[in-house]
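Colleague: Could you take me through one part of this model in close-up, the positions that the database record flags, and then show me how that part sits in the rest of the chain?

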Amino acid sequence: MQLTVEFGGGLELLCNSVKIHNINIETPKGAQQLAMRDLLVWVQNNLIKERPEMFIKGDTVRPGVLVLVNDCDWELSGQLDTTLEEKDVVVFISTLHGG
Amino acid sequence: MAESHAKVQKVGGGRLCCICNERRAALKRPKTLEQICRECFFAVFEEEIHQVIVENQLFNPGERIAIGASGGKDSTVLAYVLSELNRRHDYRLDLFLLSVDEGITGYRDDSLETVKRNEIQYGLPLKIVSYKDLYGWTMDEIVKIIGLKNNCTFCGVFRRQALDRGASLLKVDKLVTGHNADDIAETVLLNILRGDIARLSRCTAITTGEDGPIPRCKPFKYTYEKEIVMYAYFKRLDYFSTECIYSPNAYRGFAREFIKDLERIRPRAILDIIKSGENFRIATSTKMPEQGTCERCGYISSQKWCKACVLLEGLNRGLPKLGIGRTRVLDKDQKKDLKQSIGTKSIASKQCGSLDF
């Protein structure tokens with residue numbers, strides 16, 4: 001599945017300062033759909049190069065990191081349970097840097 | 001069937017904006033938990049700030065106002081929204097951008113480029129004051145001498161004064177800063193943890209320093225950081241978001257993380273902490289530091305010399321620990337001499353990051 005993953009608000013610094021990543025990700029075996037919880041694991045393993053604790057805390061994003069799926073706050077779509085489809089755009093923005 | 005259901009889930013459960021009932025909701029407001037669309041969000045976000053300005057009488061027509069601009073999200077959104085509201089509601093304010101150049105290579109020089117773009121984008125005149133010009137030292141030079149331990153103390157003390165000096169050069173009536181609700185909740189907590197009664201009693205005030213030369217106010221006092229960042233994202237505002245290369249991110253960092261954890265459990269907690277801070281009543285018998293002026297530079301100070309002059313004296317005399325922690329590095333005579341000439345209490349390193357209250 002093709003997805004676009006975008007980092008902002010300083011999070012791009014954790015992935016070699018690259019903001020936009022076009023990725024290809026498989027739906028986990030046995031699952032029908034790819035959920036945000038799967039994507040987070042994939043992003044942590046494949047895109048985050050340093051200081052993963054700035055991105056992840058426990059099994060979800062660190063508090064203060066905003067997540068938008070197709071420009072919609074993931075708090076409206078079930079957060080980790082949000083399911084993803086072909087060509088979806090997922091944006092992670094840190095609110096923690098600078099004023 | 002399952003698939004179409006999933007699609008609906010993803011776009012917000014097909015949920016409509018609870019204000020206009022027409023468009024698809026784009027975010028959940030932390031303050032009210034309402035689900036609202038992008039357009040209604042812009043409207044309520046701006047209107048709430050307008051209400052805060054009106055209710056607290058932050059400005060008077062004809063005033064000259066400096067916006068403390070770091071190039072970061074808060075001050076960028078503040079500059080944008082203020083110039084918008086100034087036009088829309090005819091505040092008749094003369095707005096300026098005021099930036100401080102601490103002299104931090106690879107950090108402030110980049111963020112100042114953002115402010116320079118903002119100057120053009122929003123049509124607001126920009127004034128930059130530098131530590132080098134004001135104090136003769138850049139932060140890079142200071143860090144070379146004192147290392148990475150107390151550098152935030154220097155930076156915090158110097159920035160506060162630099163903003164005031166810049167504001168007086170611009171001949172403005174007030175200085176506004178982008179401190180948001182999360183910042184203020186965090187500061188309430190820090191001041192409780194430090195037992196700093198004087199700061200606790202004033203850190204929730206929306207306007208401070210009315211007795212001083214240039215009052216400061218915080219129009220974002222009740223504005224959530226999440227909404228500021230969402231607003232900047234949806235409006236595609238140009239801001240700079242790199243952490244200061246010298247920031248140890250220590251004490252304040254813990255408070256910040258704690259506030260963010262609380263917010264996740266109960267977003268209202270941020271406003272509740274601010275409310276608690278406002279409702280503290282400090283006993284009238286509590287001894288507060290007396291406000292005077294610095295004998296050397298004339299800046300407001302509760303001591304004989306202001307903190308900036310003490311720190312600067314240390315730097316210039318090759319005793320950079322002066323004014324930080326204990327003065328045990330000095331021999332007895334020097335100590336006596338310093339105590340008499342400066343008459344200051346040592347204050348342990350406090351400030352961290354760009355938040356000055």
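Modeller: Under "binding site", the unreviewed UniProt entry lists Gly68(B), Ala69(B), Ser70(B), Asp74(B), Val100(B), Gly178(B) and Asp183(B). Keep in mind that everything here comes from a predicted model.

Gly68(B) belongs to strand 3, which covers residues 64-68 of chain B. Buried or exposed, then, for Gly68(B)? The relative accessible area of Gly68(B) is 13%, and buried means under 20%, so this glycine counts as buried. Setting aside neighbours within four places in sequence, its contacts are Ser75(B), Leu98(B), Leu163(B), Leu175(B) and Val176(B).

Step on to Ala69(B) and you're in the loop between strand 3 and helix 3 (73-88) of chain B. Ala69(B) is buried too, with a relative accessibility of 10%. What does Ala69(B) touch, once residues up to four places away in sequence are not counted? The answer is Ser75(B), Leu97(B), Leu98(B), Ser99(B) and Val115(B). Ser75(B) and Leu98(B) turn up in the contacts of Gly68(B) and again in those of Ala69(B).

Asn56(B) sits in the loop between helix 2 and strand 3 of chain B. With 31% relative accessibility, Asn56(B) counts as partly exposed. Compare Asn56(B) with Thr32(B): they are 24 residues apart in sequence, and their C-alpha atoms are 22 Å apart in space. Gln57(B) is in the loop between helix 2 and strand 3 as well. Gln57(B) has a relative accessibility of 63%, and exposed means over 50%, so that's the class for this residue. Its backbone deserves a look: phi is positive, about 45°, although Gln57(B) is not a glycine. Chain A has a case of this kind in Asp71(A), a non-glycine with a positive phi of about 60°, found in the loop between strand 6 (65-69) and strand 7 (72-73) of chain A.

How far can you trust the region? Chain B has an average pLDDT of 85, and 86% of its residues score at least 70. Confidence in chain B is highest in helix 2 (residues 38-55), at 98, and lowest in helix 1 (residues 2-10), at a mean of 45. Residues 1-12 of chain B have a pLDDT below 50, and that stretch makes 21 contacts in the model beyond near neighbours in sequence. Residues 326-335 of chain B are also below 50, with 8 such contacts. For the complex, the predictor gives an ipTM of 0.94 and a pTM of 0.86.

Next, the aromatics. Over all chains, the structure holds 19 aromatic pairs. One of them is Phe55(A) with Phe92(A), edge-to-face, at 5.0 Å centre to centre and 80° between the planes. That pair links distant parts of chain A, 37 residues apart: Phe55(A) is in the loop between helix 1 (36-46) and strand 4 (56-57), and Phe92(A) is in strand 9 (residues 89-94). Both of these phenylalanines, Phe55(A) and Phe92(A), are buried. Over in chain B, Tyr131(B) and Phe158(B) have ring centres 5.7 Å apart and planes at 85°, so they count as edge-to-face. Tyr131(B) is in helix 5 (residues 131-135) and Phe158(B) in helix 7 (residues 151-169) of chain B, so this pair ties together parts 27 residues apart in sequence. Tyr131(B) and Phe158(B) are both buried.

Chain B also has an aromatic cluster made of Phe41(B), Phe42(B), Phe45(B), Tyr80(B), Tyr122(B), Phe220(B), Tyr231(B), Tyr233(B) and Phe234(B). One of its members, Tyr233(B), has Arg236(B) over its ring face, 4.6 Å from the ring centre. Elsewhere, Arg296(B) lies over the face of Trp305(B), at 4.7 Å from the ring centre.

Finally, chain B as a whole. It has 14 helices and 10 strands, and 53% of its 357 residues count as buried. Among contacts in chain B with a separation of 6 or more, 69% are between residues 24 or more positions apart. Its accessible surface comes to about 16700 Å², with 52% belonging to carbon and sulfur atoms.

Technical notes:
Residues are numbered from 1 along each chain as its sequence is written. Chains are lettered from A and ligands numbered from 1 in the order in which they are written. This is a predicted model: local features need pLDDT of at least 70, side-chain atom pairs count only at pLDDT 80 or more; totals for chains, interfaces and linings use all residues. Side-chain values use heavy atoms; hydrogens and water are left out. Rings of Phe, Tyr and Trp (its six-membered ring) pair if their centres lie within 6.5 Å; planes under 30 degrees apart count as stacked, over 60 as edge-to-face and the rest as tilted. Helices (H or I, at least four residues) and strands (E, at least two) are DSSP runs, numbered from the N terminus. Buried means under 20% relative accessible area, exposed over 50%, partly exposed in between (1.4 Å probe, protein chains only). A charge sits over a ring if NZ of Lys or CZ of Arg is within 6 Å of the ring centre and within 35 degrees of the ring normal. pLDDT is the predictor's confidence in each residue, from 0 to 100. Contact means heavy atoms within 4.5 Å. UniProt positions are given in the numbering used here, feature names are shortened, and annotations may be inferred rather than shown by experiment. Accessible areas come from the Shrake-Rupley method with a 1.4 Å probe; for residues, only the protein chains shown count as cover.
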